[in-house]
Structures are given as C-alpha cells and as structure tokens.
Amino acid sequence: MAGWRPTPPTPSVPATQCGGHFSATPDFEDSWPPHCVAGTEGVGFHPNFAPAVASGAIDTVFDKGAYEAAYSGFEGTDENGTGLAQWLRERSVTAVDVVGIATDHCVRATALDAVREGFETHVLLDLTAGVAEGTTERALEELRTAGVELSGKPVV
C-alpha cells in the first residue's frame, strides 16, 4: 500500500487543496506535517522493501490519498482502479494481516475496514508504530471491540 498526497500548502497551493490534511501546526489527529507528498522521496517504499516491488515479487500496489486525506488501505486502488477489497476477493483471500504506521490512524482504519468488508483481520503490533500512547490505546480497544485479532506489543 502506498499513500501519497499533493504538494503541501504554499502561497500558490492552499491548504484546502490538500483537504486540510497538512498544517504548519498539526494536531497529529486530523492534521499533519507534510508527508508522502506526490513527486517526493516520501511516497517511496522503504529501501529494504523497494527491491521486492522492483523484482515483481509484489503482485500489485494500491495507492491512496491522491489529493485528499485517506487513512485506510481499503480506500486505495491499483493501477487499474480496482479497490483492495475487490482485488482480495477476486483471489479468494479471506484473512488479512495489517502492519504499518500509524497504529492509531492508518493501521486502525485499515483493520476496521477489513472487518467491515468481512475479512478475518489480524494486526501484528510488533510491526506497527503508534503516534501517541493515548490514541494508540484507544485504537487498540476499538480494534478489539470490532473483533480484530491483535498480537505482539504496541510500539509508540
């Protein structure tokens, strides 16, 4: 899953074009410093993962957040416009493991959407990182309540 955003706000590109997602004074809940900006290194995969993508070992990449905030991987589409849920169902996938950053935002949203879409969902907490302890704990409780299986220890 890759997420990318438009160019951050400048005098010629207002914050409203970014959906208010970027802020010079972010609250780290609804607004963030510029990240994953289209056309920058920030949209790339981690250097240790990029070779797997380049080699063809990865079946497809789903992009999310083009010109609007997007937290769930299920908001993403592949290069053909196919959504993640549809793509998984076409391959008879019934269970998903969710990893990444941030536990309390994107991981949370992706796992909740996976459950809503009918997938058995497991979050591997050792492979996630939360933004803040309070929001991470609230997210974990919400995930448990939704029936998401959690394993490992949360990192904040």
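The following legends describe close-up views of a predicted model.

**View 1. The largest nonpolar core and its most connected members.** The largest nonpolar core holds 18 residues, of which F74, L88, F119, V123 and L143 touch the most other members. At least two residues of this core come from each of the helices α2 (84–90), α3 (103–116) and α4 (133–146), and likewise from each of the strands β3 (95–101) and β4 (120–129). V123 is in contact with V98, V107, A111, T128, L143, V148, E149, L150 and S151, its neighbours within four places in sequence being left aside.

**View 2. V148 in the loop between α4 and β5.** V148 is placed in the loop that runs between α4 and β5 (149–151). This residue counts as buried because its relative accessibility is 6%. Apart from neighbours within four places in sequence, V148 is in contact with A111, V115, T121, V123 and L143. The C-alpha atoms of V148 and H122 are 5.7 Å apart, whereas the two residues are 26 residues apart in sequence.

**View 3. Helix α3 and its surroundings.** Of the 14 residues of α3, 10 are buried, so this helix is largely enclosed by the rest of the structure. The buried residues are T103, D104, H105, C106, V107, A109, T110, A111, L112 and A114. They pack against β2, β3, β4 and α4. After α3 comes G118, with a positive phi near 95 degrees.

**View 4. The cis peptide bond between I101 and A102.** I101 and A102 are joined by a cis peptide bond, for which omega is about -5 degrees. A102 belongs to the loop between β3 and α3.

**View 5. S92 and its positive phi.** Although S92 is not a glycine, its phi is positive, at about 60 degrees. S92 is found in the loop between α2 and β3. With a relative accessible area of 64%, S92 is exposed.

**View 6. K64, a buried charged residue.** K64 is part of strand β2 (residues 63–64). The residue is buried but has no salt bridge. E75 provides the nearest side chain of opposite charge, 6.4 Å away; this separation does not count as a salt bridge because the cut-off is 4 Å. A polar atom of the K64 side chain does, however, lie 2.9 Å from the backbone oxygen of A70.

**View 7. The aromatic pair of F62 and W87.** The count of aromatic pairs comes to 3. One of them is formed by F62 and W87 in an edge-to-face arrangement, with 5.6 Å from centre to centre and 80 degrees between the planes. The pair links distant parts of the chain, 25 residues apart: F62 lies in the loop between α1 (50–55) and β2, and W87 lies in helix α2. F62 is buried, with a relative accessibility of 4%. W87 is also buried, its relative accessible area being 13%.

**View 8. The salt bridge between R89 and E117.** Side chains of opposite charge can pair when their charged atoms come close. The whole structure contains 5 salt bridges. In the one formed by R89 and E117, the closest N and O atoms are 2.8 Å apart. R89 is in helix α2 and E117 is in the loop between α3 and β4, so the pair ties together parts that are 28 residues apart in sequence. R89 is partly exposed at 42% relative accessibility, and E117 is partly exposed with a relative accessible area of 35%.

**View 9. The salt bridge between E90 and R91.** E90 and R91 form a salt bridge in which the closest N and O atoms are 3.5 Å apart. E90 is exposed, having a relative accessible area of 51%, while R91 counts as partly exposed at 43% relative accessibility.

**View 10. The salt bridge between R144 and E141 in helix α4.** R144 and E141 form a salt bridge, their closest N and O atoms being 3.6 Å apart. Both residues lie in helix α4, 3 residues apart, which is about one turn of the helix. R144 is partly exposed, with a relative accessible area of 44%. E141 is likewise partly exposed, with a relative accessible area of 42%.

Terms used
Residues are numbered from 1 along each chain as its sequence is written. This is a predicted model: local features need pLDDT of at least 70, side-chain atom pairs count only at pLDDT 80 or more; totals for chains, interfaces and linings use all residues. Side-chain values use heavy atoms; hydrogens and water are left out. Helices (H or I, at least four residues) and strands (E, at least two) are DSSP runs, numbered from the N terminus. Buried means under 20% relative accessible area, exposed over 50%, partly exposed in between (1.4 Å probe, protein chains only). Lys and Arg count as positive and Asp and Glu as negative; His and the chain ends are not counted. A polar contact is a pair of N or O atoms within 3.5 Å; within protein, one must be able to donate a hydrogen and the other to accept it, and residues adjacent in sequence count only if both atoms are side-chain atoms. A nonpolar core is a set of buried Ala, Val, Leu, Ile, Met, Phe, Trp, Tyr and Cys residues joined through side-chain atoms within 4.5 Å. Contact means heavy atoms within 4.5 Å. Rings of Phe, Tyr and Trp (its six-membered ring) pair if their centres lie within 6.5 Å; planes under 30 degrees apart count as stacked, over 60 as edge-to-face and the rest as tilted.
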